[in-house]
Amino acid sequence: LAAHREATRLKPDFAEALTRVASLLNDMGSLDEALDLVETAIAAQPSLFDAHYYRGWILGRLARHDEALESLARATTLRPGNFEALLATANALRDAGRNEQALAAYWQVLEKRPERLATHREINHLAWTSGRDDLYLRSFDFAREQRGDDLDLMRLEGSFRLRREDWTGAEALARRA
């Protein structure tokens, strides 16, 4: 943090360093200062992916969901298909209560990394709480088609099956695992 602050003192429009300081301040919980710095970075270098990404991340933490989604959309435009931007967008949509859009966004994340446990948790939790029985547990089928059986995914699927009192399905997974 000190080194990046010194870089911004020497060159106040150094967008990359401003963004690094903002990122570190975000991690420390200094959200207002982080937002000011990342906005200065965007003004200095409007095409800097990291600045738009972190602006979206910070705005999401401030519960300014529409603005967060705008920034994340800009970041995605700058780096189409970027995993981190897709994931941050899915999280922002979830946090904004836009469950249908969040499910679609998490599915894009899943397509990039079908082995990622946290994505399966999010998709299945949202499907469950949104009453989307048509999507519940489908992420596991998709991952199996892409990667075959994976012990950690089988365990996670089993826990979701237990929530639905699908004892037979959970037992079959446990035996296969």
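Biologist: Let's take helix α11, residues 167-176: which of its residues are buried?

Modeller: Before the details, keep in mind that this is a predicted model. In α11, the buried residues are Gly169, Ala170 and Leu173. They span an arc of only 100 degrees around the axis, so they end up on the same side of α11. The background is simple: an α-helix has 3.6 residues a turn, so residues three or four places apart point the same way. Now turn the helix around. On the face away from the buried side you'll find the exposed residues Trp167, Thr168, Ala174 and Arg175. As for what sits over the buried residues, the cover includes α9 (138-147) and α10 (151-163).

The C-alpha atoms fill a box of roughly 65 × 30 × 30 Å along the principal axes. Of the 177 residues, 42% are buried. If you take contacts between residues at least 6 apart in sequence, 47% of them join residues at least 24 apart. The accessible surface comes to about 9,400 Å², and carbon and sulfur atoms account for 48% of that. On the charge side, the chain carries 25 positive and 29 negative side chains, with the centres of the two sets 2 Å apart.

Inside, the largest nonpolar core has 50 residues, and Val38, Tyr53 and Tyr106 are the ones with the most contacts within it. Helix α6 (residues 83-95) gives the most to this core, with eight residues. Tyr106 is a handy one to click on: leaving aside neighbours within four places in sequence, Tyr106 is in contact with Leu87, Ala90, Asn91, Arg94, Thr119, Glu122, Ile123 and Leu126.

Asn26 counts as buried because its relative accessibility is 1%, and the cut-off for buried is under 20%. Again leaving out neighbours within four places in sequence, Asn26 is in contact with Leu31, Ala34, Trp57, Ile58 and Arg61.

Note on methods:
Residues numbered from 1 in each chain as written. Predicted model: local features only at pLDDT ≥ 70, side-chain atom pairs only at ≥ 80, totals over all residues. Heavy atoms only, no water. Buried < 20%, exposed > 50% of the residue type's maximum accessible area, 1.4 Å probe, protein only. Helix = DSSP H or I, 4+ residues; strand = E, 2+ residues; numbered from the N terminus. Arc of directions from axis to C-beta. Contact = heavy atoms within 4.5 Å. Areas by Shrake-Rupley, 256 points an atom, 1.4 Å probe, with all protein chains shown as cover. Lys, Arg positive; Asp, Glu negative; His and termini not counted. Charge placed at Lys NZ, Arg CZ, Asp CG, Glu CD. Core = buried A, V, L, I, M, F, W, Y, C linked by side-chain atoms within 4.5 Å.
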